[in-house]
Amino acid sequence: MAAFIKQAAVIGSGVMGASIAAHLANVGIPSLLLDIVPDKLTPEEEAKGLTLEHPAVRNRLAAAAIARLPKINPSPLYDPSFAARITPGNLEDHLVRIRDVDWVIEVVVENLEVKQGLLRRIESQWRPGTIVSSNTSGISINEMVRDCGEAFRKHFLGTHFFNPPRYMKLMEIIPGETTDPEIVRRMAAFSERTLGKGVVVAKDTPNFIANRIGTYGLLVTLQTMAEKGFTVDEVDAVTGPAMGRPKSATFRTLDLVGLDTFLHVANNVAAHVDDPAEKAVFEPPQALRELVARGWIGEKAGQGFYKKIKGEQGSEILTLDLAAMDYAKSRKPSSASLEAAKAAKGAKEKTRALLSGKDRYAELAWEIVKKTLVYTAAKVGEIADTIPDIDKAMKWGFNWELGPFELWDAIGLVPSVQRMEAEGTEVPAWVKEWIAAGNASFYRKEAGRTVYVHSGAYKELEEPAEILSLRALKEANKVIRSNSGASLIDLGDGIACLEFHSPNNAIGADILTMIQQSVDEVRARYEGLVIANQGRHFCVGANLMLLLMEAQDEEWDEVDSIIRLFQNTMMKLKGLEKPVVAAPHRMALGGGVEVCLPADAICADAETYMGLVEVGVGLIPAGGGCKEMTLRLSEANPDPEIDLQPHLNKLFLGIGTAKVSTSGEDAKALGYMRSADRVIANSDYRIYEAKQTALRLAREGIAPPRPGRIRVAGRDGKAVLKLGALGMHQSGYISDHDLLIAGKLAHVLAGGDVPAGTLVTEQYMLDLEREAFLSLCGEPKTQQRMQHMLTKGKPLRN
């Protein structure tokens, strides 16, 4: 599949076009970014004496868009250097170059006539066989190419990326009437495997799947709010996590999207549907039109439904009073149903708790959910062929925790339909027929498989072989051994997987014990070990609460025992004679990094944020993190004549400032991953790819582990590090306690008070780590930092 798309061209260098080109660059695909030729010079160009014919002027729009990419936060690039994979150009001079690419993506303004004209120009330079697609969010795919030739239409389809392309999982693929089915299949596979997307195939209907359902839900919320007299704060309290939706809920979402953009999307449906009742729903309320007319279009304008101001106590969020069209202090509502939802665990239980309430907030939630579910059910077959496609679209495109049909099952299909009908709501016939046939849910488990309703019968939900579910494996009795913090699971083919499942996957004695037992088990009966889980984060570090309790009680022998257990466990893991592959995802912090460092290979999710962040709680890495990083530094510079200091300075700064990678690729730049380690674009494939890597290493054989000898910078290097820290302290960048921690860290990373170039053992470095860690645990300000992190969830500067 990697050979399927080798080069691409993106037409349109606006935010979306440039971000799509950036994501192609992320996965190694170079692209040509084209835009129109400017008709005026900028003052800077005039000062340089340039003319409208100069290449720098003619390519200005695309070149400027590429230059902006590394400055955007959050970054659309895995690594800033990847911007070099994008070549700027213009439509007049460089459109001919699309003959050299495999995929052309149109990303210009959402206007049918503009797109039609551009696609005719693309066809004039088109090389037969090249795939051409539009990134439209809702314009008809068929209408765009109605005047194009049959061969071109056969290779044309919609590929709707969600914004921002790097971070949003959903890709809606929309075939036209004459699109070659094989091209649809290959593009879907390419988008999943190479681009890391979750793909759903949508019908060519207004706004496709996610924007059709999502826009309907938002408009129904606005209408219900107006009818029942709810405030912006009240609606967002109900339609956020309490309902299994993102924290941005309704109005923060609208502010992020942009009210002008949302208005355009809603108008697109209203203009293209025939049913008067549906058309009425998609007519945006007057209040929304008024906000757009005033320019209060959301975050990009500085105000929308919310407005951030700077007050005496810092930044403050004000909320719009729609009746008065003025802002007031935000008020957090509370009720029995909201509190019940907050206390419940998981999206299913939260939604059940909210909807079962008897107060006005429960009624608001029910009205929104009821209308959205009924509308979605009515669109099955029209906007998508299957209910899983609709559920996936809403989860991946709008970050709902449950898709509409999963939500309907969670609240009880039969009782909810009974309630709907008792209230006079018309439920789609196919849903009532399904219930009448004796069915109580849209999904269910059959012999370990998930099935769903399709055309009046249950059909198996097929998933790619590359998607391995640890939950499904556990349900299939594939657990080898388990305790409260971790489980060892049989992945098949002689590979076992160590899964953490403690709260936040924090490492305590239970996980460390299971790591040791897993090493013994794999050594005796398996070919390799994968360390992975499918929790929200890979691992947020060691069990800080336990450490703080022992430190406050001055149980120093217990603290020492905990550190020794961690260090010895990591050394035992490193000493396994069979391949160990770590597969981190999302946050891998502190101890989470230290679990990965002894592995023979890492297969990391592209969105992996790795960092040795212990200084944030007043400590230093002591589970082998300092030792492993200095060992890597030593191994990378084996010549005794090479000065270690520049490399050591960088390492000291990274750990000393608790720097966290911004991606899997950035983790390589920080040294937490080796150049040969893999970054997996699609997180769903991560465990499968780690398993394949373990199998490959098992076939090739790995070198027997041997104790490492580490060349250290010694007392001279330590002095340089401490001098740098002193300079930061004198400049006011770090506190007295930061300076103390920096001194301890410098002592460890430099290898203590030995001559420069001394070769030391791994155990020597571990002893230095442990001594520094223990001494810092006894510092009151470190204990204050630990306490603050546990109670506030953020670091304390003291």
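A: Let us begin with one residue and its surroundings, bearing in mind that the model is predicted. Leaving out residues up to four places away in sequence, threonine 372 touches Ile213, Tyr216, Gly217 and Trp400.

Q: To which helix does threonine 372 belong, and is threonine 372 buried or exposed?

A: Threonine 372 lies in helix 18, which covers residues 360-378. A residue counts as buried when its relative accessible area is under 20%. The value for threonine 372 is 4%, so threonine 372 is buried.

Q: How is alanine 742 to be read, and is alanine 742 buried or exposed?

A: The reasoning follows the cut-off of under 20% for buried residues. With a relative accessible area of 12%, alanine 742 is buried. Alanine 742 is part of helix 33, residues 736-749.

Q: Which residues is alanine 742 in contact with, beyond its neighbours within four places in sequence?

A: Those contacts are with Phe652 and Ala725.

Q: How does one check the length of a helix, taking helix 28 as the case?

A: The general idea is to set an expected span beside the distance between the end C-alpha atoms. Helix 28 has twelve residues (625-636), which should span 16 Å at 1.5 Å a residue; the end C-alpha atoms are 17 Å apart, which agrees.

Q: How many of the residues of helix 28 are buried?

A: Ten of the twelve are buried, so helix 28 is largely enclosed by the rest of the structure. Among them are Gly625, Cys626, Lys627, Glu628 and Arg632.

Q: What do the buried residues of helix 28 pack against?

A: Their partners include helix 26 (556-574), helix 29 (645-656), strand 24 (709-711) and helix 34 (762-777). Helix 33 is also one of the partners, and alanine 742 is found in that helix.

Q: How many helices and strands are there in the protein chain, and why may the chain be called as compact as a globular protein of its length?

A: The chain has 35 helices and 25 strands. Its radius of gyration is 29 Å, close to the 28 Å that the globule rule gives for 798 residues, so the chain is as compact as a globular protein of that length.

Q: What percentage of the residues in the protein chain is buried?

A: Buried residues make up 53% of the 798. As for contacts with a separation of 6 or more, residues 24 or more positions apart account for 69%.

Definitions and conventions. Residues are numbered from 1 along each chain as its sequence is written. This is a predicted model: local features need pLDDT of at least 70, side-chain atom pairs count only at pLDDT 80 or more; totals for chains, interfaces and linings use all residues. Side-chain values use heavy atoms; hydrogens and water are left out. Helices (H or I, at least four residues) and strands (E, at least two) are DSSP runs, numbered from the N terminus. The radius of gyration is taken over C-alpha atoms; the globule rule is 2.2 Å times the number of residues to the power 0.38. Buried means under 20% relative accessible area, exposed over 50%, partly exposed in between (1.4 Å probe, protein chains only). Contact means heavy atoms within 4.5 Å. The expected span of a helix is 1.5 Å times one less than its number of residues.
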